[in-house]
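Biologist: Please take me through one part of this model closely, element by element, and spell out the criteria behind each term as you go.

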Amino acid sequence: MIKRANTGVAPDGSKRPTPPPYSSKFESSDKVREALQNTGPGTSGFNPSSTQNSFVQKITASLPFGYGYPSGGGSKVTMYSVQAIYSKVNGVWMLKSMYPNP
Amino acid sequence: MMKKLKDLYKVNELDKYFLGGAVTYSMDKMESDLRIDDREILDRICKEEGLYIIGDGWRKIEKNEATIMMHQMLRFDLAFLNSEVLSTEKVEHLISLLLRELDNNSRRFYTNWGNNPWEGNGKGGWNSLTDSTLDMSIAIGDSEKWVLFFKVGED
């Protein structure tokens, strides 16, 4: 995570020219499950229009979902929100990315 | 017949400021007289630029909404919506570079988003123009030219 924050290199080896503002991770698998259960199709906040093929949701909880490091260094940041991005593939909504967010 | 006038992204070295693209295209007079649908024109530009064609996914917006979205998409990161990545002064400068290609008349504004995520608690839907995790585009047309620019985001 610190390498990602400082260099922009992602866990899969891909690199973007500038690192994202944060490199973050979930605190536990339970927090991943909690985020999955509260985003996506069937949840109250998931309401894309029929013509859209991508949707982003942000949820916030009273307890942290995870933590991250700001790009270029800095102190660990506790993150209480999650951003989840879904895209429609062959008519089915699929999770594209999900990460703790400050 | 549409003609690419400039790759604004390359000419202005916008890769220093955001990941994405920016182009300007002209329409010939016959085409503008035929009143070809704006969305069809935008799809043609997308096809030329190797972007996905989204048809009705282009949402027509008012100038005021377009102005706000342009500022926010350049000022903030798409994956971390509250993180400022460019100062407002730099954003103003970039927008002036992009819009100087157009005259002040008959401007039409479109976006690939159904709403402004900065005004929807981070929630929103869009039609992807790229394979990136997130992308956002604003397209602006006058009577003869179009400017289309987009920004991509990854977590």
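Modeller: What follows is about the contact between chain A and chain B, with chain A itself described as background.

This is a predicted model, in which local features need pLDDT of at least 70 and side-chain atom pairs count only at pLDDT 80 or more, whereas totals for chains, interfaces and linings use all residues. Residues are numbered from 1 along each chain as its sequence is written, while chains are lettered from A and ligands numbered from 1 in the order in which they are written.

Chain A has 2 helices and 6 strands, where helices (H or I, at least four residues) and strands (E, at least two) are DSSP runs numbered from the N terminus. Read from the N terminus, the order of these elements is α-β-α-β-β-β-β-β, and the C-alpha trace of the chain spans about 40 × 30 × 20 Å along its principal axes. Chain A comprises 102 residues, 34% of which count as buried; a residue is buried if 20 or more other C-beta atoms lie within 10 Å of its own, exposed if 12 or fewer, and partly exposed in between, with C-beta atoms placed from the backbone. Among the contacts in chain A with a separation of 6 or more, 49% involve residues 24 or more positions apart, two residues being in contact if their C-beta atoms, placed from the backbone, lie within 7 Å.

Turning to the contact between the chains, chain A supplies 24 residues and chain B supplies 23. On the side of chain B that touches chain A, strand β5 (residues 124-126) gives the most, with 3 residues. That side of chain B divides into 7 nonpolar, 11 polar and 5 charged residues, where Ala, Val, Leu, Ile, Met, Phe, Trp, Tyr, Cys and Pro count as nonpolar, Asp, Glu, Lys and Arg as charged, and the others, Gly among them, as polar.

Strand β5(B) runs antiparallel to β2(A), and 3 bridges join them; two strands pair if DSSP finds at least two bridges between them. Within this pairing, B:G125 in β5(B) has A:F55 opposite it.

A:T51 lies in the loop of chain A between α2 (29-37) and β2 (54-60). Neighbours within four places in sequence set aside, A:T51 is in contact with B:D56 and B:G57. With 13 other C-beta atoms within 10 Å, A:T51 is partly exposed.
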